[in-house]
Amino acid sequence: MPNSTLDKAKRGNPITVVKLPSGNIKSQLIRLGISEGDRLKCVQRLPGGTIVVQKNRQEIAVGFDLAKKIHVIIQ
Amino acid sequence: MFMKTDNVVNLENDKIISPLKTLIEPEKSQKVVLVGNPNVGKSCFFNFMSGMYVDVSNFPGTTVSITKSHFQGNDVFDTPGIYGVGSFNDEEKVARNIILSADVILNVINALNLDRDLFLTLQLIDMGKKVSVLLNFSDELKKRKIKIDTKKLSDLLGVEVYETTAVDKLGFDKLGEAVNAARIGKQELDLHFLLNQVITKSVSQSDSLLILEGDEAIAQKHNVACGTPDERERIYIGRRNRVNEIVDIVEYEDSKKGELFNHLGRLSLNPITGIPILLVMLVLMYFFIGDLVSQRIVNFTENKIGKDFLEYNVKSFTGHYTPVNVDVTLHDEKNSYISKKTFSFPSGISDNPTLQKEFSELSKQKGARTDFYFQNLFVKLLFGEFGVITMTVTYLLFLLLPLVIAFYFVMALLEDSGYLPRLATMLDRSFNKIGLNGKAVIPIMLGFGCITMANITTRMLGTEREKSIVTAILQFVIPCSAQLAVIAALLSGAGFAPMMLYISVITTVLVVLSTVLNKMLPGESSPLLLDLPMIRFPRISNVFKKTFFRSFGFMKEASVWFFIGALAVGILEISGMLKVWQDVLAPFTTTWLKLPKEAANAFVMGMVRRDFGAAGLFHMNLSIMQKTVSIITITLFVPCIASFVVMLKERGWKEGMMIWFGTWIAAFLVGGIVAQIVI
């Protein structure tokens, strides 16, 4: 699914990050290891839409409202 | 660096070549700073280097202070865990300042999270600082069959890399070498070029980098234009790409291991399995905190040590030299009243030896309760019922301290195991509805221990708006442990209906309050973005030390406010203001809340200590519904004096007073409505 957002990801989906929201939050995402072009895996989608992604061995929880603003390609 | 033999040689040569020696080996002490992401074991290194422990934090947002020590003639500083150098929050600002002034940086990185941790490493190298890298968790690499080519990593970074395992102190013998071998690393050409446009004689490379990355405070310091967010992003993305390249080159993975704990971590995230896990945790917590500590231990420490021993002795000692009336009330084993005798010592106890003998015999009988009524106002203020010295000391040391220790202990366990960030993640969506993110669970959980403690913890929340909402929730609806114990006692035996009534009324207030605040308060709350550390067994020594340092820190910070609060209440009591309040509230209590007149007493006492208020209700003959109404009112009623003062300090006068008056209104409004319906 091209042109999607992270909140749409389902458990187990491999994801490519296309565009991050701008501002401070972008810098924080990049520091944590999520940047544009990165390949992540959605390891969990909690009811309500909180997303947990995995990059290599690291897991990061992303709140629903933030996930909506992260543009991704879901494979 | 200074081995024993060196010292001996130096001592011998001291007199002869002293001026020369200072030339060859300047005795300048260096400023060594430990820097790393959260959960990399930084504090273990610091403890080893200093020989003293500091707080090790597993949850982003709990270590705020900087700790300084000495290591081999150098000053060593510990910093809060950060993901990068900048000024996104208070901790980063604190860490940034100390990093900027550092001579040598020891960068601790987690070998299992190279791609996350190297971002900070490269940033430190880009700052032009002398760096050595400590690659921690090397033992985990072997377990998980991951290989990291440290030599190649060292070549690529241009600085030394040391393999370490902090928990077992492996590689710690190299720390001295790491300090000495620290050097300036390799920088990307593009960035180097950019930086050179900013660097001048007065603006160092590290300052220049932060200016390019949009740090306004640093730009202002040098009075130059600050980098735009776009520029920062470009630099960040470049750095991120370099990290990814480096990781690709140096890391090999043979097989995937350590999946069991990962699995457990996932289970605790998903509500279907996570809520049962949470319930089990809560039940265990209840048995530990609610039953063992707040009932058994506190009963012993507060009554036996605090009241019967400390207060009794202090008060009777004071009573020897100042006019006092003493009531001795006798109770039998079932705590029922037997008799009461009043002793009057108009010139102090020691002035009347016969009466003194009778008094001391009677008051030492089993089941005797002794109440001292001092005549002198000043003595009353210090040693009376709400005495600054008597009540506050008992309260702080024998009621609050055991509870605070128990709560911090449980938090440390949850934190060290990696459960807390997962709990925050699981609850995130529910918290979103009231304008918070999942992290707010931490101060709210602590609130069930002590509201004052929780008020201080709101500092970890992202925005002022979130701090305001949580502070209000804490003061309005969260009963602290002292109060919970009394509420539980009053409700037990009352049956199912009153309990449900109580819970549903309080929950309704919580929902209404937080929804209103969420709508009213301007701005937006910060979204959840949380690094989930590995699930692991908590290391007990770590947990104990963490508990000790936090409890100590809290007592150090909060104690003074408990004393000031007690003093304020004491003055109110002596000046008769407390009595006036009770009289003002009395008609309101009888007609609107449909409670006996004396209940007004309980409410006013609730301002001093929340459990005082609730405990006062024990001795009244209340119907079940009257009990329910009174505990609803007391729960919603104003926080105790100490948490009021700390709230004012944390949130400012205006907001603090608004919340405080709000609780008056809410308590009487809601309590009254319920009373009108059910009584």
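Leaving aside residues up to four places away in sequence, which residues does B:Ile218 touch? The answer is B:Asp207, B:Leu210 and B:Ile211. Keep in mind as you look around that this is a predicted model.

You can find B:Ile218 in helix α10 of chain B, which covers residues 216-222. Is B:Ile218 buried or exposed? B:Ile218 counts as buried because it has 24 C-beta neighbours inside 10 Å, and the cut-off for that label is 20 or more.

## Helices α8 and α9 of chain B

Two packed helices are described by the angle between their axes and the distance between the axes. Take helix α8 (residues 189-198) and helix α9 (residues 205-212), both of chain B: their axes are 9 Å apart, and the packing angle is about 100°. That angle makes α8(B) roughly perpendicular to α9(B), since 65 to 115 degrees counts as roughly perpendicular.

On the α8(B) side, the residues that meet the partner helix are B:Leu194, B:Leu195 and B:Val198. Facing them in α9(B) are B:Gln205, B:Ser208, B:Leu209, B:Ile211 and B:Leu212. By class, this contact of α8(B) with α9(B) holds six nonpolar residues, two polar ones and no charged ones.

## Helices α27 and α29 of chain B

Further along chain B, helix α27 (residues 624-636) meets helix α29 (residues 653-678), with axes that come within 8 Å and cross at roughly 165°. So α27(B) is roughly antiparallel to α29(B), as angles over 145 degrees are counted that way. The crossing of these two helices is right-handed.

From α27(B), the contact uses B:Met625, B:Val629, B:Ile632, B:Thr633 and B:Leu636. The α29(B) side includes B:Thr663, B:Phe668, B:Gly671 and B:Val678. Eleven nonpolar and three polar residues make up the contact of α27(B) with α29(B), with no charged residues.

## Chain A as a whole

Now turn to chain A, which has two helices and six strands. Along the sequence they follow the pattern β-β-α-β-β-β-α-β. The radius of gyration of chain A is 11 Å, close to the 11 Å that the globule rule gives for 75 residues, so chain A is as compact as a globular protein of that length.

The C-alpha trace of chain A spans about 25 × 25 × 20 Å along its principal axes. Buried residues account for 52% of the 75 residues in chain A. Among contacts in chain A between residues at least 6 apart in sequence, 58% link residues at least 24 apart.

How values were computed
Residues are numbered from 1 along each chain as its sequence is written. Chains are lettered from A and ligands numbered from 1 in the order in which they are written. This is a predicted model: local features need pLDDT of at least 70, side-chain atom pairs count only at pLDDT 80 or more; totals for chains, interfaces and linings use all residues. Axes are lines fitted to C-alpha atoms, for helices over the stretch in contact, and angles run from 0 to 180 degrees between N-to-C directions. Helices (H or I, at least four residues) and strands (E, at least two) are DSSP runs, numbered from the N terminus. Angles under 35 degrees count as roughly parallel, over 145 as roughly antiparallel, 65 to 115 as roughly perpendicular and the rest as oblique. A crossing is left-handed if the near helix is turned anticlockwise from the far one by less than a right angle, and right-handed if clockwise. Two residues are in contact if their C-beta atoms, placed from the backbone, lie within 7 Å. Ala, Val, Leu, Ile, Met, Phe, Trp, Tyr, Cys and Pro count as nonpolar, Asp, Glu, Lys and Arg as charged, and the others, Gly among them, as polar. A residue is buried if 20 or more other C-beta atoms lie within 10 Å of its own, exposed if 12 or fewer, and partly exposed in between; C-beta atoms are placed from the backbone. The radius of gyration is taken over C-alpha atoms; the globule rule is 2.2 Å times the number of residues to the power 0.38.
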